[in-house]
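Visitor: I would like a close look at one part of this model. Please keep to what the coordinates show.

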Amino acid sequence: MARILDSFAPPAHLTHPNRSRSTWFSLPMPISPNSTCCSSIPHSKQLAQCRWPNGHWHPTLALMKPRLATHASLKGFDPMTTKAFAVRRRDAMALILSSYIFSEAGFDNIAFAQQSVGFREYIDQFDGYSLKYPQNWIQVRGAGADIFFRDPFVLDENVSVELSSPSSSNYKSVEDLGPPEEAGEKVLKQYLTEFMSTRIGVRRESNIISTSSRVADDGKLYYQVEVNIKSYANNNELAVMPGERVVRLEWNRRYLSVLGVENNRLYELRLQTPENVFVQEENDLRQVMDSFRVNKVTV
């Protein structure tokens, strides 16, 4: 504590009333020119240097003058402990410096794949379906679907449920859509209709990745459809020369659908995710697909 106090001069208005604050910093410090204390100066000279140039006692050093001593006489002084502290201090400074370098280099913008964060279950007893979704996803209202959850960081990644109107549909089984391959064609056509754009130079490429059927643990038959859709656009749609219209990829997404029938209605679970994210989170997304169930509504 003495070393810390010795390194600061008292306020100028206390010890030198005639000096302004602007000149206080130019006063010579009445301590040893050595690094931390007056220990390398004889005791008599230390007391002499505990005075200000005008002869007044330095308030801090005057109080501590009986205790000024050399490093060798300090009790508990251990040079190895001091060295270890210096090493720890250097390690801390290296950590701070490396963190600054990484932030300046832009590494904070790199997205790293994360492990599964767990799931929550959503049950709609009124419409008759249930599903599980990642617990860090948030619900978005007014999205047009019956229910809509979205990743708060990857905005193109979401899950929603669509269902047909009870007054205009009379489905008995998912097989009313035909075999899984035919159902996949209908699903892809519906996606392309929804993504139809009136912009000049926009082009969509799509293909069906897989179609399948399965019987879940509730004894009901479900269809699963996976499609990929890419969107291309010109960077200068109004350019006159064809060479000035450069085509670029806008987005590349994977769409996964699960179809089921209950209550004379067709239910569709829709999962949307960028292709690069799908590679990292495929296991979690397939768990969401497998969790989808349609339930009988009791009136």
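Visitor: Are Arg 254 and Glu 275 buried or exposed? Please take me through the salt bridge they form and its surroundings.

Guide: This is a predicted model. Arg 254 and Glu 275 are both buried. They form a salt bridge in which the closest N and O atoms lie 2.8 Å apart. The two residues come from distant parts of the chain, 21 residues apart: Arg 254 sits in strand 8 (residues 247-262), and Glu 275 belongs to helix 8. In general, side chains of opposite charge can pair when their charged atoms come close.

The pair is also part of a wider arrangement. A network of salt bridges links Arg 254 and Glu 275 with Glu 226, Glu 282 and Arg 286. For the structure as a whole, the number of salt bridges is 13.

Helix 8, which holds Glu 275, leads on to a sheet. That sheet is open and consists of 3 strands in the order 1-2-10, with antiparallel pairing. Its edges are strand 1 (119-124) and strand 10 (293-294), each of which pairs on one side only. Helix 8 covers residues 275-291 and packs on this sheet, where it touches strand 1, strand 2 and strand 10. The direction of helix 8 makes an angle of about 170° with that of strand 2. Within the sheet, strand 2 spans residues 129-134 and is joined to strand 1 by 6 bridges in the antiparallel sense.

Glu 194 and Arg 270 form a salt bridge, with the closest N and O atoms 2.8 Å apart. This pair, too, links distant parts of the chain: Glu 194 is in helix 7 (residues 180-194) and Arg 270 is in strand 9 (residues 265-274), 76 residues apart.

Glu 268 is classed as buried because its relative accessible area is 12%.

To return to your question, both Arg 254 and Glu 275 are buried, and both are linked into the network that includes Glu 226, Glu 282 and Arg 286.

Definitions and conventions. Residues numbered from 1 in each chain as written. Predicted model: local features only at pLDDT ≥ 70, side-chain atom pairs only at ≥ 80, totals over all residues. Heavy atoms only, no water. Pairing = 2+ DSSP bridges. Helix = DSSP H or I, 4+ residues; strand = E, 2+ residues; numbered from the N terminus. Contact = heavy atoms within 4.5 Å. Axes fitted to C-alpha atoms, helices over the stretch in contact; angles between N-to-C directions. Salt bridge = Lys/Arg side-chain N within 4 Å of Asp/Glu carboxyl O. Buried < 20%, exposed > 50% of the residue type's maximum accessible area, 1.4 Å probe, protein only.
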